[in-house]
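I opened this entry to record what I looked up in the model, going from the whole chain down to single residues. My notes follow in the order in which I took them.

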Amino acid sequence: MSIETTPPLQPNLAERAIDTAADVSRTISDGSAALQAAVDRLSEAIATARQPGKPLATISAITREAPLASLFVAFLFGVAVARRR
């Protein structure tokens, strides 16, 4: 009794395109989920920093009281960072 085996068939162009599209879709979904998780963590960190007595709350209060001085300080900080590069 002999068993004939047929070689596996190669996927045609349409099947390869569908597989590739499915892989790309999975990759995009994974990337989107990771990005959403990062945005959630960043939003939580900002919300925590805006609580009274925290750094962002203090900066916001100073900026409301002296907007021109705050703008000048931000400009000087920008110049300092730009010169380091």
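**Confidence and ground rules**

I began with confidence in the protein chain and found that it is lowest in α2, at a mean of 91, and highest in α3, at 93. The score is pLDDT, the predictor's confidence in each residue, from 0 to 100. Averaged over the protein chain the pLDDT is 88, and 91% of the residues score at least 70.

I note that this is a predicted model, in which local features need pLDDT of at least 70 and side-chain atom pairs count only at pLDDT 80 or more, while totals for chains, interfaces and linings use all residues. Residues are numbered from 1 along each chain as its sequence is written, and side-chain values use heavy atoms, with hydrogens and water left out.

**Overall form**

I next listed the elements, taking helices (H or I, at least four residues) and strands (E, at least two) as DSSP runs numbered from the N terminus. The protein chain has 3 helices and 0 strands, and from the N terminus on its elements run α-α-α. The radius of gyration is 28 Å, well over the 12 Å that the globule rule gives for 85 residues, so the protein chain is more spread out than a compact globule. For that comparison the radius is taken over C-alpha atoms, and the globule rule is 2.2 Å times the number of residues to the power 0.38. Along the principal axes, the C-alpha atoms fill a box of roughly 95 × 35 × 20 Å.

Buried residues make up 2% of the 85 residues; buried means under 20% relative accessible area, exposed over 50%, and partly exposed in between (1.4 Å probe, protein chains only).

**Helix α1**

How many salt bridges does a search of the whole structure find? I found 1, counting a side-chain nitrogen of Lys or Arg within 4 Å of a carboxyl oxygen of Asp or Glu. The bridge joins R26 to D23, with the closest N and O atoms 2.8 Å apart. Both R26 and D23 lie in helix α1 (residues 13–49), 3 residues apart, which is about one turn of the helix. D23 is partly exposed, because its relative accessible area is 41%.

I also looked at V39, which lies in helix α1 and is partly exposed at a relative accessible area of 40%. V39 and T27 are 12 residues apart in sequence, and their C-alpha atoms are 18 Å apart in space.

**Helix α2**

In helix α2 I checked L56, which is partly exposed with a relative accessible area of 31%. Not counting residues up to four places away in sequence, L56 touches I46, A49 and R50, where contact means heavy atoms within 4.5 Å.

T58 is placed in helix α2 (residues 55–65) and counts as partly exposed, because its relative accessibility is 39%. The C-alpha atoms of T58 and S29, 29 residues apart along the chain, are separated by 38 Å.

**Helix α3**

Leaving aside its neighbours within four places in sequence, S70 is in contact with I62 and T63.

L71 is also found in helix α3, but counts as exposed at 57% relative accessibility. Its C-alpha atom is separated by 24 Å from that of A45, 26 residues apart along the chain.

Finally I noted F75, in helix α3 (residues 67–84), which counts as exposed because its relative accessibility is 54%.
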